[in-house]
Amino acid sequence: MSSLVSYFNKYEEAAPLAVFRIFFGIMMLWSLIRFWSYGWIEKLYLTPKFNFSYYGLEWIKPLGDWTYLLFIICGISALLVTIGYKYRIAILVFFLSFTYIELMDKTTYLNHYYFVSILSFLLLFLPANATFSVDAKYNKDIRFQYIPKWNIGVLKLLLCIVYFYAGLAKLNSDWLLDAMPLKIWLPSKFSVPLIGNLLGKEWMQYAFSWGGAAYDLCIPFLLLYKPTRKLAFVFVVLFHVLTRVLFPIGMFPYIMIVSAIIFFDASLHKRILVVISKLFRFNKTVFDNQSYYKPKPITVNKIKYTIIILFFTVQLAFPWRYLLYPGELFWTEEGYRFSWRVMLMEKSGYAQFKIVDNNSGRWFYVDNTDFLTPFQEKQMSFQPDFILEYAHFLSKHFKENGIENNAVYVYCQVALNGRLSKTYIDPEIDLTKQKESFEHKNWILPFKDEIKGI
């Protein structure tokens, strides 16, 4: 406890936090511009007739043409975070707008969207505008060269959790013993320069599987340990550049590369700030005032510390919630999201819905393309909460079109990591009688196989 108290009383130069703020803002602004330029706002949020929602957050929906304004607000706030102008308001607006975008449609879920949301939430409580910001330049009351060391440490901790939990998730028999799903994915990348011809080799697929697990488990410790830090950063760059070349995962590799710079000493970050100041002809000497961050009132600090402790408690515990559910996690996906399980499975499915008029006994099959985009249909076909939500949507739709007393059944086949497809949902279950909840979905049929590991 005394060591912990001592740590919280230590100070460090604010330069690393300023550099992190700048690079984070740039990455986010570029991500939003890229998303818009590819036409994904219209394709993913405006074109679909139906949007899949997160349980309990069904009220979060795309806003029609106002969705573009939401992206503009998010982009402007990212820019303001970058330059450190009205930082507290800017990072709050960014967190709220980006998280709203992330939650508008469950179909677009990605681990790195979740990472950005929780990272921006954490930045709400850090004085990232204490130096090298517009706020600090014009307000000497918030201008500090030194800040409590823990403000930088919590960012390192979050990155360590992301990497280490991703590594733990790879300790399963499919990944390590069968090199799945890389055996499925890598052979299709034969056109990649230099290594394309090797990606079809089994030994290379196992090398990628074992190397990926080792990287995720070891890289936090290599970055934290000063003698290995430079070499570790080289590994970070090589790993994420390679994953970007092989897999379409957007900006995530660049975000992780830039984020890893936080592990370096303040001397590197001060040099980065010198380069930026010269590039934009910005006089940084005003920030070198040898001042120390002034502690907030005790009550405010207690609230801040409590929120941050609860935040990390959730981050450490939440990925283990899958242990509360029976069955194979990769099959049921109960507790799969928001747990840093990155690219661990290749799952595909086929779902045909049957609508029965309980009054007349008549029935017919639904053409999913009447209601879903191809991307939505693909995601729906192997995820049980998607299937249930879609079934309720169909029931409501056909009630409004004259079939008031209806039942919805599904014939669903799913294949996981190269296995033969199996019936996924009990075809005798009327899905309109099943309600979404955090309880186990007992209408998912057993996996009848075993994937050993964490």
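Q: What percentage of the protein's contacts with a separation of 6 or more comes from residues 24 or more positions apart?
A: The model is predicted. Take the contacts in the protein with a separation of 6 or more. Residues 24 or more positions apart account for a share of 72%.

Q: What radius of gyration does the protein have, and what would a compact globule have?
A: The chain has 454 residues. A compact globule with that number of residues would be near 22 Å. The protein agrees with this, at 25 Å.

Q: What box do the C-alpha atoms fill, along the principal axes?
A: The box is taken along the principal axes of the protein. Its sides are roughly 80 × 50 × 45 Å.

Q: How many helices and strands are there in the protein?
A: Both kinds of element occur in this chain. The strands number 6. The helices number 18.

Q: What percentage of the residues is buried?
A: Buried means under 20% relative accessible area. Among the 454 residues of the protein, the buried share is 53%.

Q: Which residues does Phe94 contact, leaving aside neighbours within four places in sequence?
A: Phe94 is one of the residues with the most contacts inside the largest core. Its contacts, with those neighbours set aside, are Phe24, Met28, Leu32, Cys74, Ser77, Ala78, Thr99, Val116 and Ser120.

Q: How many residues are in the other core?
A: This core lies apart from the core of 74 residues. Its members include Ile355, Leu416, Tyr424 and Ile425. The count is 52 residues.

Q: Which helix supplies the largest share of the nonpolar surface patch?
A: The patch covers about 660 Å². Trp36, Leu63, Trp66, Leu69, Ile72, Ile73 and Ile76 make it. The largest share, 5 residues, comes from helix α4 (residues 66-83).

Q: Is Ile73 buried, partly exposed or exposed?
A: Ile73 lies in helix α4. Buried means under 20% relative accessible area and exposed means over 50%. Ile73 has 36%, so it counts as partly exposed.

Q: Which strand holds Lys347, the salt-bridge partner of Glu333?
A: The side chains of Glu333 and Lys347 meet at 2.9 Å, N to O. Glu333 lies in the loop between α16 (329-332) and β3 (347-357), so the pair ties together parts that are 14 residues apart in sequence. Glu333 is buried at 12% relative accessible area, and Lys347 is buried at 5%. The strand that holds Lys347 is β3.

Q: Which residues are joined into one network with Arg337 and Asp385?
A: Arg337 forms a salt bridge with Asp385, with the closest N and O atoms 2.9 Å apart. Both residues are buried. Salt bridges that share partners bring two further names into the network with Arg337 and Asp385: Lys106 and Glu389.

Q: Is Gln376 buried or exposed?
A: Gln376 is found in helix α17 (residues 374-380). Its contacts include Pro48, Phe50 and Asp105. The relative accessible area of Gln376 is 2%, so the residue is buried.

Q: What distance separates the C-alpha atoms of Trp40 and Lys304?
A: Trp40 is in helix α3 (residues 40-46). Along the chain, Trp40 and Lys304 are 264 residues apart. Their C-alpha atoms are separated by 37 Å.

Conventions. Residues are numbered from 1 along each chain as its sequence is written. This is a predicted model: local features need pLDDT of at least 70, side-chain atom pairs count only at pLDDT 80 or more; totals for chains, interfaces and linings use all residues. Side-chain values use heavy atoms; hydrogens and water are left out. Patches are made of residues with over 30% relative accessible area and no salt bridge: like charges are joined within 9 Å, nonpolar side chains (Val, Leu, Ile, Met, Phe, Trp, Tyr) within 5 Å. Accessible areas come from the Shrake-Rupley method with a 1.4 Å probe; for residues, only the protein chains shown count as cover. A salt bridge is a side-chain nitrogen of Lys or Arg within 4 Å of a carboxyl oxygen of Asp or Glu. Helices (H or I, at least four residues) and strands (E, at least two) are DSSP runs, numbered from the N terminus. Buried means under 20% relative accessible area, exposed over 50%, partly exposed in between (1.4 Å probe, protein chains only). The radius of gyration is taken over C-alpha atoms; the globule rule is 2.2 Å times the number of residues to the power 0.38. Contact means heavy atoms within 4.5 Å. A nonpolar core is a set of buried Ala, Val, Leu, Ile, Met, Phe, Trp, Tyr and Cys residues joined through side-chain atoms within 4.5 Å.
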